[in-house]
Amino acid sequence: MTQSAPIPLTVIGGFLGAGKTTLLNRLLASGHTRCAVLVNDFGEVNIDAALIKSHDGATMSLTNGCVCCSIGSGFLDTLGRLLDETGRFDRIVIEASGVGDPWRIAEIALVEPALRLDGVVVLADASRIATLIDDRQVGETVRNQFARCDVALLSKRDLVTDAQLEAARAAIRLVRPDVRIEFVSPDSAPDLAMLGRRPAVRFRADPVDDGIDHEADFRRWTYRRNGSFDRNRLAAAVGALPPQLLRLKGACRIDGEVRPQILQMVSRSWTLLPPDGSNEQIADAIALVGVGTADLPADDELDAILDGALVAPLAA
Amino acid sequence: MSSDTVVYSARKIVTMNPSRPVATHVAVRDGRIVAVGSEVEIAQFAPGGMIDDRFRDKVLLPGFVEGHSHIMEGMMWSLPYVGAFDRRSPEGKVVSGVRDVDAIVARLRESESKMSDPKAPLFAWGFDPLHIGSYMLTRQDLDRVSTTRPVMVIHASFHISNVNTLVLERAELLRATDISGVVAGTDGLASGVLQGIAARFRVFRVLGNPLSSGITLDDVTRYAASACVQGVTTITDLHNDLTDPTIELYATATRSPDFGVRLVPALASVSHTPEQAIAKIAALRDGGNDKLHYGIVKLVVDGSIQGFTARLRWPGYHNGAANGLWYIAPEELPRLVDLYHRAGIQLHIHTNGDEATELALDAVEKAQVATPRPDHRHTLQHCQMADAAQFRRMKALGVCVNLFANHVFYWGDAHYALTMGPERAGHLDATGTALRIGVPFSIHSDAPVTPLSPLFTAWCAVNRLSSSGRKLGHETEALSVEQALAAITIGAAYTLKLDDLVGSIECGKYADFAVLEDDPLAIAPEALKDVPVWGTVVGGQVRKAPRA
């Protein structure tokens with residue numbers, strides 16, 4: 001490894017009880033690669049004592065080259081120190097908190113030259129995820145965790161019926177129609193390189209095919225207008241869109257902004273950003289495409305909501 | 001500490017002890033109050049009849065108790081302040097607020113010109129765009145301070161910062177506007193507004209983190225000095241990892257006879273498993289002294305209302321913003337509360353939004369049913385949006401509350417217009433409701449988020465005036481001056497389970513006084529915040545506050 005090669009970063013997310021710790025314990029014990037693993041709760045890490053070379057309360061060094069660090073409150077300092085030890089690790093793995101958004105951590109690798117984002121893996125308990133996703137208190141938190149993940153990894157497959165498994169898959173697909181869904185192997189450590197963004201080989205020889213036509217479960221909605229949005233009213237309008245609308249993306253113009261903006265909405269959270277320079281020319285109008293569940297309200301109903309945010313055209 | 005009795009006479013002594021509400025003389029021995037009363041009653045305690053009359057034109061109150069503030073207040077004053085409102089430094093100097101961009105830039109330039117190392121970054125703190133007409137600083141504004149020195153302004157919320165172009169270039173963030181915390185300016189490049197973990201990581205990696213080096217003795221000393229300046233004699237540090245160096249530092253600092261405040265740190269639950277935290281508290285309980293009181297644990301359930309990260313019940317945010325964030329999973333909270341409750345630990349639970357409050361009350365109720373524990377005094381911290389039904393549950397469950405009265409002034413306008421709307425903003429930090437229903441309560445500053453100054457906090461609860469001059473629920477939620485003074489003394493002491501030691505002037509308690517130039521009960525309620533603080537007495541030791 002050269003000094004300048006960025007270290008791959010994997011972020012492991014998933015709600016409480018999804019199986020993150022079990023997965024990380026296996027990863028540490030296997031020693032396939034020299035991993036530095038940052039965990040939330042040291043107390044839950046369960047490593048064979050024979051494997052532990054040293055343990056100072058905040059860092060545990062293993063004989064197989066792996067290191068496990070407690071995140072505590074000094075997460076940024078800990079990560080910084082690991083990056084300074086160039087060449088010591090093949091991969092850094094960070095466990096996101098059970099209520100945290102793994103993407104926020106993943107973004108570190110998008111701005112830190114010493115890191116390369118190699119994947120956001122979100123675990124889900126196959127027996128619970130369908131309920132959690134719709135939960136009144138935590139549904140939004142859980143849905144947001146999937147919003148930007150590369151792989152959804154279902155755990156506890158052996159504990160569920162086929163029907164439950166199907167419900168789990170369907171629930172995740174409602175949030176992320178395009179996401180890759182895999183299973184945690186019940187007896188071996190995960191190969192994070194294969195769950196990464198550019199997998200060398202397929203994770204499984206047999207593709208996961210549930211025999212469902214997913215397009216049929218979803219409805220698309222296209223919104224095109226000349227003119228521009230008022231930023232404040234757009235915020236209100238996006239908030240008023242029905243929950244059946246899962247994603248919305250496209251270009252639009254905002255009153256008072258010189259350049260067109262890219263609007264992205266995933267499971268109720270949305271951003272408005274200028275396009276990066278590499279994008280092709282963006283049209284000088286509003287063009288948004290939405291994907292929703294099959295019971296998405298009619299187009300004119302949705303149109304009316306966004307029309308409310310349009311700036312009235314000036315009289316010539 | 002003198003073993004001789006000293007009798008002080010004062011213009012007036014307001015004791016906050018209802019069985020002897022006012023007096024003129026107090027006898028002090030071994031750092032404690034021997035007796036309080038009239039000249040006739042107390043003169044007999046004076047050796048040779050000598051009465052110390054240095055306070056003859058002053059008014060004594062029980063030393064103020066700040067039930068929710070942070071050691072960060074002591075750390076921040078090493079950096080220049082760029083908030084919009086006047087704020088008093090630990091040296092007693094009124095640092096004037098900077099209310100527009102030019103004033104902010106001028107303040108930063110002044111600090112910049114005094115720095116000797118041309119490469120050292122300039123950090124500043126206290127900025128809030130909501131207080132200068134929602135104007136967000138830009139990198140171009142900060143480039144006017146310096147183009148050769150990194151400049152970083154940390155917001156009052158501590159979650160957002162502004163940097164100059166040099167910082168963005170060094171951290172390679174100028175074009176990283178696809179990152180959620182890197183806000184784009186009108187030119188498509190980063191505007192200099194940064195938030196979130198990714199941007200923070202990069203910036204601190206190139207600049208160093210001004211606050212990561214750990215708490216120093218200077219920080220603790222500044223914190224104690226600020227307390228003295230504001231009449232505070234018992235102060236919390238309500239969220240601390242309590243690492244070994246911090247524990248050692250607190251022990252050393254508080255054992256010094258000159259240390260002028262009683263310190264009450266709360267152990268941060270987030271950096272420990274409950275088992276670790278319970279063991280740590282058990283070990284620390286004996287490690288305290290008369291100026292260091294361990295025993296409480298802090299849980300943080302949700303975020304902040306003005307940051308739209310508090311968890312709200314239906315109908316949610318007034319402006320339609322998405323609901324906030326859980327910092328502890330709802331299904332995890334009952335387990336944590338139960339473990340601490342069983343271990344006999346008093347919990348201080350941060351809940352800003354009413355959904356978080358509901359969850360915390362559910363958790364305490366479960367723990368109480370499983371393990372009934374009289375007088376647990378678990379305290380909800382902030383608890384800004386609780387309605388009457390939730391206060392009734394607090395009463396029934398034996399839960400106390402520490403309300404964030406300063407919010408009414410600093411963010412009341414934002415709550416009225418954006419976060420809660422008119423009705424809910426009217427019962428923001430509902431001190432009147434707490435009083436009517438009989439929930440033991442206190443009020444607080446959360447310093448350094450808002451300034452440490454219990455008299456100002458009391459003023460907020462009495463006047464319920466926003467910074468633009470709007471009255472918020474004044475008719476129903478305002479306290480009388482006397483009730484507000486009780487909240488910043490005996491009320492706060494009660495929420496810390498220290499009401500047997502501090503919070504009122506009566507026989508047997510520590511001789512802790514706030515020494516005021518005026519009688520807060522005799523002035524117009526609108527002037528409460530302007531009553532000058534002469535200094536403090538802590539454990540019988542008189543300390544005149546510096547005035548720079």
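Author: Chain A has a mean pLDDT of 83 (the predictor's confidence in each residue, from 0 to 100), and 86% of its residues reach 70 or more. Confidence is highest in helix α4 (residues 129-133) of chain A, at a mean of 96, and lowest in strand β13 (residues 269-273) of chain A, at 75; helices (H or I, at least four residues) and strands (E, at least two) are DSSP runs, numbered from the N terminus. Over residues 199-215 of chain A the pLDDT is below 50, and beyond near neighbours in sequence this stretch has 12 contacts in the model; two residues are in contact if their C-beta atoms, placed from the backbone, lie within 7 Å. This is a predicted model, in which local features need pLDDT of at least 70 and side-chain atom pairs count only at pLDDT 80 or more, while totals for chains, interfaces and linings use all residues. Residues are numbered from 1 along each chain as its sequence is written, and chains are lettered from A and ligands numbered from 1 in the order in which they are written.

Chain A is divided into domain 1 (7-183) and domain 2 (216-307), with bounds from an automatic or database domain assignment. The C-alpha centres of these two domains of chain A lie 32 Å apart. Their contact takes 7 residues from domain 1 of chain A and 8 residues from domain 2 of chain A. On the domain 1 side, α5 (139-147) and α6 (162-175) of chain A are the elements that give two or more residues, and α5(A) supplies the largest share, 4 residues. By class, that side divides into 4 nonpolar, 1 polar and 2 charged residues (Ala, Val, Leu, Ile, Met, Phe, Trp, Tyr, Cys and Pro count as nonpolar, Asp, Glu, Lys and Arg as charged, and the others, Gly among them, as polar).
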